[in-house]
Amino acid sequence: MRLFSGPWGDLRVFTDEPLPSSAIGIAEVPARFGANFRPALLRHFLHLRLGRPADPYVAVWPDEVVLPDLTEEVAEPADDLRGVVLAELMRHKCFVCNARFEVVRPEVGIPVLGRNLAQHRIVSGCPSCGSDSGTSRIHGLALSPLP
């Protein structure tokens, strides 16, 4: 686990170690979507001030960026977060063909890393029927078919 801290709060990014119970739902993300997709917990400055627990996210590095060493449990400057966006794991159904997908959707409302979205490839449209994202409502950083 690696801790990143900034004026926005604390971001804990996990490697292969056991995850806290609040992040169990995103434990399989790297195996399903690739090494650049890492389970993370964010405690932004309001959480810290109010004593609230961290929220689970997927920290996503752009394809062309080499992942930093995430094994150190030390506070580091946020330089290694270049290009990272935070995302949520969601389930969506195509509005056209009803195919179901697990989608890694970027959380652009978080001012911490939201401006990095332009550095990422967006999957847009339904791979099952070929409909565009405006019709299918399918888009995100990655998607995986559900049974």
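Analyst: In this predicted model, a polar contact is taken to be a pair of N or O atoms within 3.5 Å, and within protein one of them must be able to donate a hydrogen and the other to accept it.

User: What makes the approach of the R38 side chain to the backbone oxygen of F14 a polar contact?

Analyst: A polar atom of the R38 side chain lies 3.2 Å from the backbone oxygen of F14, and because the cut-off is 3.5 Å, this pair qualifies as a polar contact. The backbone oxygen of T15 lies 3.0 Å from a polar atom of the side chain of R38, so that pair, too, falls within 3.5 Å and qualifies.

User: Is R38 called buried or exposed, and how do you know?

Analyst: R38, which is placed in strand β3, has a relative accessibility of 8%; since buried means under 20%, R38 is therefore called buried. Leaving aside neighbours within four places in sequence, the residues in contact with R38 include V13, P30, Y57, W61 and L70.

User: Why are strands β3 and β4 said to pair?

Analyst: Pairing requires at least two bridges, and β3 (residues 37–44) and β4 (residues 55–60) are joined over 6 bridges in the antiparallel sense, so they are said to pair. Within this pairing, A40 stands opposite Y57 of β4.

User: What makes β4 and β6 a pair?

Analyst: β4 and β6 (residues 85–93) have 3 bridges in the antiparallel sense, and because two are enough, they count as paired; in β6, L86 is the bridge partner of A59.

Note on methods: Residues are numbered from 1 along each chain as its sequence is written. This is a predicted model: local features need pLDDT of at least 70, side-chain atom pairs count only at pLDDT 80 or more; totals for chains, interfaces and linings use all residues. Side-chain values use heavy atoms; hydrogens and water are left out. Helices (H or I, at least four residues) and strands (E, at least two) are DSSP runs, numbered from the N terminus. Buried means under 20% relative accessible area, exposed over 50%, partly exposed in between (1.4 Å probe, protein chains only). Contact means heavy atoms within 4.5 Å.
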